[in-house]
Amino acid sequence: MTNLTHLTIEQALKGLEKKDFTAVELTQAHIDAMEKFRSLNAYIVETPEIALKQAAESDKRRAGGKAGLIDGIPLGIKDLFCTQGVQTTAASKILEGFKPEYESTVTSNLFRDGAVMLGKTNLDEFAMGSSNTTSAFGNVINPWKRKNDNTDLVPGGSSGGSSAAVAARICMGATGTDTGGSIRQPAAFCGIAGIKPTYGRCSRWGVVAFASSLDQAGPFARTVKDNALLLRSMAGYDPKDSTSADRPVPDYAAAMTGNIKGLKIGVPKEYRVEGMPAEIEKMWQQGIDWLKSAGAEIVDVSLPHTKYALPVYYIIAPAEASSNLARYDGVRYGKRVTGENLKDMYQKTRAQGFGEEVRRRILVGTYVLSAGYYDAYYIKAQRVRRLIYNDFMSAFEKCDVLLTPTAPSAAFAIGENEDDPVKMYLNDVFTVTGNLAGLPGLALPAGLDSQGLPLGLQLLGRPWGEETLFNVAGVIEKAANFTALPASVQKAA
Amino acid sequence: MSIDKNTVRKVASLARLEIDEAGLEKMTPKLNGILQWIEQLQALNTDNVEPLANVANIELKLRADALTDGNCADKVLANAPETTAGYFVVPKVVE
């Protein structure tokens, strides 16, 4: 039974259907495994009672022939999604104890289809970070370690709890959100797959807001097809989110035909950044070769404004964050620190409730939006954002999909890159462009580096081009045959 | 462009974030590092480029002008640090 946690979602659904095991057994196996891996700190709150109740209901539904698309599948839910009656913190002290009276649309959709919630996964505070070291509830530890080296590594961020939990087999899949790379970079660091869909594909309603014009929810899982199953459930029109798209949700798994003959794969030359490790360069070339031998055509493309993407992001994201986070004032929910008067109460509550990185970004955002600087910074950044968007639209006249590395390095040690915020921000150099242009981006593991750590490849598609991404990713997945496991996560004999 | 401690103090006040001298000492150089880095955008000519505020390309829908929600004061107040008689309570603002 131990190996139940090693199944893919696709396999588990078949097993449930064939009555090889029940949803309760599948869920219990994960609850047991969660206990064993508690040292990873992947969950902020575990919800075993809810999970077992949902699993029992799932078994009943299946027995009655009424099973949903992902009925009985145990998932981790990033603690940025509001879950009714279950503490939702965004990994911030300012929301400690907050129990939403409502359910986010994405989690509602998952529960509608039968998902089981194992708990709320850890993240960088308000999803601001690339290493999961800014959480008020402690660092998440990557289940992967370097060969012969016991140093704790970061799982990536911001959805680091989700990616670590999926990699450690303490959930079959998880939700994430991606504002600058927060699904794709942690997926790469943990050797799993994840997709940030097109902006507007998943409803943002009930997701704690960071930067509203960039935030998008998406799934993590260990295979491309499992991601396809989860995204189908998560996505869809929601009248409660004015930027949610009213268009049908395709059967993404059905798009994975494996046939990519004649498909044009763009390779953007600007993504060959200075100082990129040779192993990542090699992995990228390997990806190109795999797709070529599967019959795709490789096209060199140029995205000339790539180098401006991170500075644009670090104006727009903090600006939107400073506005979104203005709501945390100690009045309606969350933490309150008493003060001499109302302003003093606001200032003390926010200074003590927010961590350092969040305060830094609020200050940057407030500054670039302040009188006299608004045009020079914020409007300027929005103009460059359009140039970046136009780059992609020109590239997609020549190709169908772009292939790039996911991150400029493998997972690094906890504490590395912390002295200099800009150095940490460079983690998102390949992913942030997809958020600025609103494009779908899928990350999947492609191999291990010489230290035994996973490296990922990223596919970027046209708006609403998720089906093509899943299809191409399926081809890479088959060629890469990534079966490596973290040393601590071996299957029972 | 670089900012000094006084500007950081002013911005912190606008953002309603209490910050002391030690905090200013620590925060100012880090903010300057970020601001100098984003300064590189100024080198790019963006005359005649329309700002892009949102990529969604979605036409906003109108909903029926009807009551769809409400009558849930208890839920609205459920997470408040302090309430009384169906209201949020804050420190006195009018003498």
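Reader: How many of the residues of strand E2 (residues 74–78) of chain A are buried?

Author: This is a predicted model, in which local features need pLDDT of at least 70 and side-chain atom pairs count only at pLDDT 80 or more, whereas totals for chains, interfaces and linings use all residues. Residues are numbered from 1 along each chain as its sequence is written, chains are lettered from A and ligands numbered from 1 in the order in which they are written, and side-chain values use heavy atoms, with hydrogens and water left out.

Of the 5 residues of strand E2(A), 5 are buried, so the strand is largely enclosed by the rest of the structure. Buried means under 20% relative accessible area (1.4 Å probe, protein chains only); strands are DSSP runs (E, at least two residues) and helices likewise (H or I, at least four), numbered from the N terminus. The cover extends to both faces of E2(A): one side carries Pro74(A), Gly76(A) and Lys78(A), the other Leu75(A) and Ile77(A), and all are buried.

Two strands pair if DSSP finds at least two bridges between them. Strand E3 (residues 116–121) of chain A runs parallel to E2(A) and is joined to it by 5 bridges. Strand E4 (residues 173–178) of chain A also pairs with E2(A) in the parallel sense, over 2 bridges. Leu75(A) takes part in both pairings: its bridge partner is Met117(A) in E3(A) and Gly173(A) in E4(A).

Finally, E2(A), helix H4 (residues 105–112) of chain A and E3(A) make a right-handed β-α-β unit. Right-handed means that, with the strands pointing away from the viewer, the path from the first strand over the helix to the second runs clockwise.

Conventions: Buried < 20%, exposed > 50% of the residue type's maximum accessible area, 1.4 Å probe, protein only.
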